[in-house]
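Good morning, and thank you for coming. Please look at the structure on the screen while I take you through its helices and strands.

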Amino acid sequence: MHRRLIAPGALAISLLLAIPASAADYTPGAPGIGDPYYPAYGNGGYDVSHYDLRLQYQPATDELQGTATVLATTTQDLSRFDLDFLLDVSEVRVNGAKASFTTSGQHELEITPATGLPKGTPVTVVVRYSGVPSTKSAYGFSTWHRTPDGAVAADEPESAWWWFPSNDHPSDKATYDVSVAVPDGTQAISNGTLQSTSSRLGWTRYNWRSNKPQATYLATLAIGKFDITTGTTSDGVPVVNAYSKDLGDNDGAARASVERTGEIVDWLTGYFGPYPFSSVGGYVPNTTTGYALETQTRVYYSPRQFANGSNTSVVVHELAHQWYGDDVSLKGWKDIWINEGFARYAQWLWSEHEGEGTAQELADYVYASHPADDAFWTVAPGDPGPDNQFDTAVYDRGALAVQALRNEVGDDTFFAILKGWPQEHAYGNASVGDFQKYAEKVSGKSLATLFDTWLFKPSKPAAPAARGVSIAVAPATAGAPAQPRSWKKIAATDSVHSG
């Protein structure tokens with residue numbers, strides 16, 4: 001409550017300005033950032049600009065020790081705030097002073113600074129911690145994956161809780177320095193560029209830097225024994241790829257796919273514009289998971305992606321995300337179509353490039369493959385719900401929507417939209433609604449009906465409606481469209497986000 005001052009006018013004003021907000025004006029930051037799909041994910045009250053993570057990891061015991069320095073700015077008068085985290089914390093300091101802390105919920109680290117933090121204040125939070133990540137779980141699962149010689153942190157929509165404290169939501173992007181000490185002979189791989197390495201007393205420290213904003217779920221850590229290859233794209237972007245030394249029969253197919261990263265990035269720049277980050281590449285650890293993930297600049301691939309031979313289509317999918325999902329990230333998890341619909345569509349474009357079926361032929365095949373009563377059509381890619389966030393429909397029906405847009409506005413306008421979008425919201429966040437507005441601005445057309453039909457209605461667009469947006473539909477007497485040659489490779493990536 002504010003006190004009323006009785007004083008001459010000028011003096012009253014000066015005194016009012018001098019009095020800080022009372023303790024009653026400081027309130028706790030929300031324990032969730034407000035995402036309806038994941039109400040407890042992320043936190044309110046502050047915005048992070050940088051994470052500095054100094055870690056030490058022992059593969060033999062899965063013990064991780066760390067000091068995280070989080071740079072942020074308060075967005076309200078803050079009495080207390082949360083970080084999302086699971087490991088054991090020994091000390092927290094806020095702006096140099098010791099802060100009290102406790103845990104709550106499934107993954108909340110509650111921090112109470114010694115004094116309240118006024119809105120707009122730069123804040124430095126230092127968290128010292130340790131633990132065995134593989135022993136921690138939240139909501140009944142873990143995203144920390146042990147390997148025979150180390151571990152991997154890579155998952156969606158969450159993975160940070162197991163290795164660093166964070167504001168774990170894509171809407172709060174930040175830059176990163178990740179410094180990891182591991183026993184000599186073991187390597188530590190993360191996002192961005194390797195700034196330096198040093199060895200001392202049996203430990204080697206790897207210092208990685210991501211100098212462009214990055215969502216927390218796109219931060220990755222891989223520790224193990226890798227064969228590392230390097231190169232550059234035609235535009236000079238460094239390429240760093242890594243393969244576990246014990247991939248066995250999958251090693252050749254993995255390399256034959258991932259080693260084409262530079263070539264594929266060169267090809268994608270023709271559609272999406274200049275590559276937005278300081279490095280690119282991928283890694284294939286010896287894990288039993290089945291998915292791939294677009295971890296920023298350093299894509300994670302499961303060996304199972306290459307169990308049936310090389311698959312450049314999955315490499316195209318994950319690299320397309322570097323523009324659609326990483327450079328421009330979703331505002332909320334309901335906007336997942338902007339990530340997955342366009343990454344799948346990039347696979348369709350690659351199919352055209354490889355002469356294995358045009359995007360239109362793939363659209364016709366997908367449309368014809370799902371009868372009207374198929375549950376496929378009940379999933380709305382524009383807002384699929386948390387249970388269907390990574391449903392096949394988000395990918396394939398999502399790509400149908402992209403093809404419908406292409407046919408509605410024409411190739412010249414469509415490819416201008418495709419290339420302009422990553423520049424329009426570079427290093428930021430955007431929603432499905434933002435994309436519709438941008439497409440309408442570039443095309444000069446109202447696209448509300450098209451977006452509603454293909455992204456939001458829980459039913460199969462009728463054949464006349466499909467023809468109305470030029471998705472070719474063969475007459476019933478003509479039989480189903482032939483399966484494009486690329487289809488099996490594309491369908492093999494349906495598991496990219498499932499274990």
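Predicted model: local features only at pLDDT ≥ 70, side-chain atom pairs only at ≥ 80, totals over all residues.

I begin with two helices: helix H5 (residues 336-353) and helix H7 (residues 392-409) pack at an angle of about 70°, and their axes are 8 Å apart. H5 is therefore roughly perpendicular to H7, a label for angles of 65 to 115 degrees; under 35 degrees counts as roughly parallel, over 145 as roughly antiparallel, and the rest as oblique. The axes are lines fitted to C-alpha atoms, for helices over the stretch in contact, and the angles run from 0 to 180 degrees between N-to-C directions. Helices (H or I, at least four residues) and strands (E, at least two) are DSSP runs, numbered from the N terminus.

Which residues make the contact between H5 and H7? On H5 they include Trp337, Phe342, Tyr345 and Trp348, and on H7 they include Tyr395, Leu400, Val402 and Arg406. Contact here means heavy atoms within 4.5 Å. By class, this contact has 12 nonpolar, three polar and five charged residues. Ala, Val, Leu, Ile, Met, Phe, Trp, Tyr, Cys and Pro count as nonpolar, Asp, Glu, Lys and Arg as charged, and the others, Gly among them, as polar.

Residues are numbered from 1 along each chain as its sequence is written, and side-chain values use heavy atoms, with hydrogens and water left out.

H5 also packs against helix H4 (residues 312-320), at an angle of about 140° and with the axes 8 Å apart. H4 is therefore oblique to H5. Among the residues that meet are Val314, Val316 and His317 in H4, and Ala343, Arg344 and Trp350 in H5. This contact has six nonpolar, four polar and two charged residues.

I turn now to the strands. An open sheet of four strands has the order S1-S4-S8-S7, with mixed pairing. Two strands pair if DSSP finds at least two bridges between them. Strand S1 (27-28) and strand S7 (100-104) are the edge strands, each pairing on one side only.

How do the neighbours in this sheet run, parallel or antiparallel? S1 and S4 run parallel and are joined by two bridges, with threonine 27 having leucine 78 in S4 as its bridge partner. S4 and S8 run antiparallel and are joined by four bridges; here aspartate 82 stands opposite glutamate 110 in S8. S7 and strand S8 (residues 108-112) are antiparallel, over five bridges, and serine 104 has glutamate 108 as its partner in S8.

Why is strand S4 (residues 78-84) largely enclosed by the rest of the structure? Five of its seven residues are buried. Buried means under 20% relative accessible area, exposed over 50%, and partly exposed in between (1.4 Å probe, protein chains only).

Finally, consider strand S18 (residues 238-244), in which six of the seven residues are buried. Strand S17 (residues 226-232) runs antiparallel to S18, with seven bridges between them, and threonine 229 stands opposite asparagine 241. The hairpin of S17 and S18 has five residues between the strands, and in it glycine 236 takes a positive phi near 90°. S18 also pairs with strand S19 (residues 282-284), in the parallel sense over two bridges, where alanine 242 has tyrosine 283 as its bridge partner. Thank you for your attention.
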